[in-house]
Amino acid sequence: MIAEVVSALMQPSMIAIIIGGVFIGNLVGCLPGLTATMALAVLLPITYYMPISTALVLMGSIYVGAIRGGGITAILLNVPGTPSDIATTFDGFPLAQKGLARRALMMSIFASIMGGIIGNIFLAFLAPPLARISLRLGPPEFFWLCILGITIMVSITGESLGKGLISGFIGLLITTVGVSPLGGETRFTFDLPQLAGGVPIIVGLIGLYCIPRVLELAQEKVQEAEGIIVKGSIHSEMVWVIRKWFSGFQGIISSLIGTFIGILPGAGGNIAGIMAYDQIKRMDKHPEEFGKGRIEGVLAAETANNAVVSSSLIPAFTFGIPGSPPAAIMLGAILVQGLRPGAKLFTEHAVDMYTLIGGFFLANIALFLVMYLSPIYSKILSVPREILAVFIAVMSVVGTFAIRGNFADVMVMCTLGTVMYFGRKLGFPTAPAVLGIVLGRLAEEGLTQSMMIAKARGGLLPYFFGRPITVILIILILFFLAWPFLQAQLQKVRGTK
Amino acid sequence: MKSININRRLADKILSVFLLFLCGAILWETRKFSEYGAYFPYIVTLFLAVFSLVYFIKSWGVLLRKMGSSGKEQLELIQDLSSFLVSFVGVLAYIFILFSLLGFLVGSILFCISVTSVIQITRSEASFKLTTLSLLSSGMFTFMMYYLFRHVFHIHLP
């Protein structure tokens, strides 16, 4: 198997895909408002026609590049290119204002590389044994896992709990359109034969993520990087940041925080970056200097957010609960290829999975190449937003149409996107709805099979609610539902002290 | 730049009522399904109805008053109305007229150029440099996408 993986990764076409993916991701990530999730969603139809390993490696490379690319605007414009780069702005922009933009950019590259590699090591060694645990799960556990995934994503990300849950359950309901997988009848099609095939995952993901961004981007204006000059030697700054990264334990600690947060379902790079930044700041002898231009701040944030990239796939590929919104799209990619999360992914499709893991490693190494892109960053940042908007619209329409050659899919995509645009404005988060669409079929199979088995055994309650793992999952769901309230109470108690 | 704002509380009130009606309609519809086809939508809708009911109670003020919300908070629904309308109508025209009638190549180039130009004109940003950039980038991008889907993935585009 190792020989097959190495041979697949050493193909010139695969290396070109990795480098191309990292560059595309980096360009998308450095444009404010274009997130890694959106980039993956809009490119999903292209990967649909590729072999599984190539598709996953391309998506993984884009993901790695995009998270790193978000650091560029965080440093040069004080605007995080992706949500994962919020903590990078804290010290990245002050460093740029001091004339150390090049150093901050080089640190963001090297920290991303190291964080990514460490997160990837955990993916390689932790995912296969965890996937074996999934063999013990039956239909009711799969149903409760799907519900747990949505609950955690809503609870941890700090969005409105109620609106997040409504969003997630609407996502689940969208998957019920079309022919019922076990009943066989058509549901919610309004007698339109075009809807009988249901809403494909790709159509849902593109609609929910891309169309709202098209409408938002068309209304935005370019923000210029005024007064920030990127100067200094690329190579000498890179050597300096490499020495700095290895000079203390901040890098390792940030990687471990990023990896841990990545494994937590639903948390994502933004939380990892902020937590690592906060921890490194607390450990420093001069915490008061953070926020005024400390390179350790960039180190912590960028190491942690890239450690999330690989580690967020651990729960996604083992239990079907993605660790971040981009991981939800990656999960969608394996589902549309006909694979299912769990043990079989690391046995029957082991070559594909380990090619992805190897691809992640090479994509992180390829990040070294993007340091030569820094002279064109200012030009990329000044691309008019309306041009980006129409390009995303064209890619969304043609990508959706290409899946089944069906105009009805394009209309469904556009309708979902327009509804989501207004939903976002009213405070309904996108990520839970996307997760609902990704997990809907798995959840339905779990629930309906449970009902059938329970009926045959003559007892619904013991089978659906009484098995040890289902009890644990239900307790976890209740805990995460209560978590925002518990957190508020804890903050109150701390405030009074 | 004209924006459209809406009272947040009013929007929440209307939406919560709509969601409750939607849940009712879906539950009614599930009666027509077979036993195995109805389980999942029925249970998911029941959950959705519970969340919508909580949303309804909150938005109609029972809990909000306790939480001290003023109820006057405005929500920016559309930041720049003209750009929004141009992009929205442009996407619809692209899907229903340009893409399906004129085909991918001509339709996409026309869509890209017309939408970017109209937005730039409404914002008084139009210039020779920007128009040239829009023209060149639209043409290159469309041909690249066409080549990718038609010749690499062998997918027939209209």
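Two residues are in contact, or touch, when they have heavy atoms within 4.5 Å of each other. Keep that in mind as we walk through this structure, a predicted model in which local features need pLDDT of at least 70 and side-chain atom pairs count only at pLDDT 80 or more, while totals for chains, interfaces and linings use all residues. Residues are numbered from 1 along each chain as its sequence is written, chains are lettered from A and ligands numbered from 1 in the order in which they are written, and side-chain values use heavy atoms, with hydrogens and water left out.

Let us begin with A:I453, which sits in helix α20 (residues 430–457) of chain A. Helices are DSSP runs of H or I with at least four residues, strands are runs of E with at least two, and both are numbered from the N terminus. Leaving aside residues up to four places away in sequence, A:I453 touches A:P139 and A:Y463. With a relative accessible area of 29%, A:I453 is partly exposed; buried means under 20%, exposed over 50%, and partly exposed in between, using a 1.4 Å probe and protein chains only. From A:I453 to A:S254 the C-alpha to C-alpha separation is 46 Å in space and 199 residues in sequence.

Now compare A:N364, in helix α16 (residues 350–366) of chain A. A:N364 counts as buried because its relative accessibility is 1%. Among the residues that A:N364 touches, again not counting those up to four places away in sequence, are A:V64, A:S112 and A:N306.

Next, visit the loop between β2 (186–187) and α9 (201–217) of chain A, where you will find A:F188. A:F190 is found in the loop between β2 and α9 too. Phi is near 50° at A:F188, a positive value in a residue other than glycine, and near 55° at A:F190, again positive in a residue other than glycine. A:F188 has 15% relative accessibility and therefore counts as buried, whereas A:F190, at 70%, counts as exposed.

The two chains meet as well: 65 residues of chain B are in contact with 57 residues of chain A. The area buried between them is about 5,600 Å², and carbon and sulfur atoms give 82% of it. Buried area is the accessible area (1.4 Å probe) that two parts lose on being put together, summed over both. B:Y36, B:F40 and B:F51 supply 13% of the area that chain B buries against chain A, more than any other three residues. There are two salt bridges between the chains, where a salt bridge is a side-chain nitrogen of Lys or Arg within 4 Å of a carboxyl oxygen of Asp or Glu. The side chains of B:E35 and A:K455 meet in a salt bridge, at 2.5 Å from N to O.

Finally, look for the largest pocket. On a 1 Å grid over the protein atoms alone, a pocket is an open set of points where a 1.4 Å probe fits, with protein on both sides within 12 Å along at least five of seven lines, and lining residues have an atom within 4 Å of a point. The largest pocket is lined by 49 residues, and those nearest its centre are A:L27, A:L31, A:L388, A:F391 and B:F141. Helix α6(B) gives the most to this lining, with 11 residues.
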